[in-house]
Amino acid sequence: MSTTPRIAFLASQIDDAQEALAALTTRHGQCQPDEADVLCALGGDGFMLQTLHRYGSLARPVFGMKLGTVGFLMNQYRQDDLLERIRVAEPAVLHPLEMIAQTESGATVGSLAYNEVSLLRQTRQAAHLSIELNGKQRLDELIADGVMVATAAGSTAYNYSAHGPILPLGASVIALTPIAAFRPRRWRGAMLKADTEVRFRVLDPFKRPVSATADSHEVRDVVEVMIRESRERTVTMLFDPEHNLEERILSEQFEA
């Protein structure tokens with residue numbers, strides 16, 4: 001990174017983010033994402049995920065500032081000292097999940113997820129799924145509203161709402177969490193090594209259709225879904241040292 005980094009400012013459509021975009025570009029200039037040293041995302045967690053999906057292949061570090069309703073992945077918004085904050089920021093390297101879904105029509109759909117991949121029933125009837133880990137059948141039949149695989153960064157989001165574990169950043173583990181499981185009655189999920197290949201098969205796709213969603217990308221009428229940590233993509237997020245992502249994940253575990 002150069003002494004004075006070239007910054008590409010990206011903003012959600014909410015008024016506060018657009019006002020911040022105008023103020024920051026007036027102060028620091030603007031450049032295209034593929035020419036920048038740093039991407040600066042202005043918005044909430046949803047916009048941060050959009051930024052990672054859209055620009056993750058550029059391999060540029062991303063410094064986010066909260067101007068939305070949820071900001072777990074963001075730093076506090078301040079106009080002052082932005083260059084110094086970026087200079088001393090602590091990096092968090094994230095490995096997204098790769099989803100490959102097979103649909104009832106025979107299509108193959110791939111997508112990445114920085115938070116989680118979830119399988120959900122499409123109708124009033126519960127989903128019936130089998131679970132295979134690294135080619136070995138581990139659960140013959142899960143009857144539930146759904147199931148998900150979550151990264152450490154995403155473990156405090158939907159995964160936590162479904163009573164899944166909060167995972168330490170850098171622990172190289174992922175969470176396998178059922179959503180409103182009916183059978184097995186007491187199965188609460190599992191923590192897996194991050195390089196585990198997880199495969200779900202839909203046991204009755206015509207009577208009990210299931211959709212698969214990687215972050216916000218939904219694929220309907222799936223019959224089989226494979227999930228594994230991406231071997232080709234990483235993203236680096238930058239956080240203020242006093243409130244880095246590892247500290248946020250740890251703090252979540254001690255909140256009342």
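Among contacts in this chain between residues at least 6 apart in sequence, 67% join residues at least 24 apart, where contact means heavy atoms within 4.5 Å. Keep in mind that this is a predicted model, with local features needing pLDDT of at least 70, side-chain atom pairs counting only at pLDDT 80 or more, and totals for chains, interfaces and linings using all residues. Numbering runs from 1 along each chain as its sequence is written, and side-chain values use heavy atoms, with hydrogens and water left out.

Now the overall build. There are five helices and 16 strands in the chain; helices (H or I, at least four residues) and strands (E, at least two) are DSSP runs, numbered from the N terminus. The C-alpha atoms fill a box of roughly 60 × 40 × 30 Å along the principal axes. For 256 residues a compact globule would have a radius of gyration near 18 Å, and the chain's 20 Å agrees with that; the radius is taken over C-alpha atoms, and the globule rule is 2.2 Å times the number of residues to the power 0.38. Of the 256 residues, 50% count as buried, meaning under 20% relative accessible area with a 1.4 Å probe, protein chains only.

Next, strand E13 (residues 210-214), which is mostly covered, since five of its five residues are buried. Side chains in a regular strand alternate between the two faces of the sheet. In E13, Val210, Ala212 and Ala214 point one way while Ser211 and Thr213 point the other way, and all are buried.

| Partner of E13 | Sense | Bridges |
|---|---|---|
| E7 (residues 116-121) | antiparallel | five bridges |
| E14 (residues 217-219) | antiparallel | three bridges |

On the E14 side, alanine 212 stands opposite valine 219. E13 and E14 make a hairpin with two residues between them, and aspartate 215 in that turn has a positive phi of about 55 degrees.

Valine 219 also turns up in the surroundings of threonine 103, a residue of strand E5 (residues 97-103). Threonine 103 is buried, with a relative accessible area of 10%. Leaving aside neighbours within four places in sequence, threonine 103 is in contact with Val109, Val219, Arg220, Asp221, Val222 and Val223.

Conventions. Two strands pair if DSSP finds at least two bridges between them.
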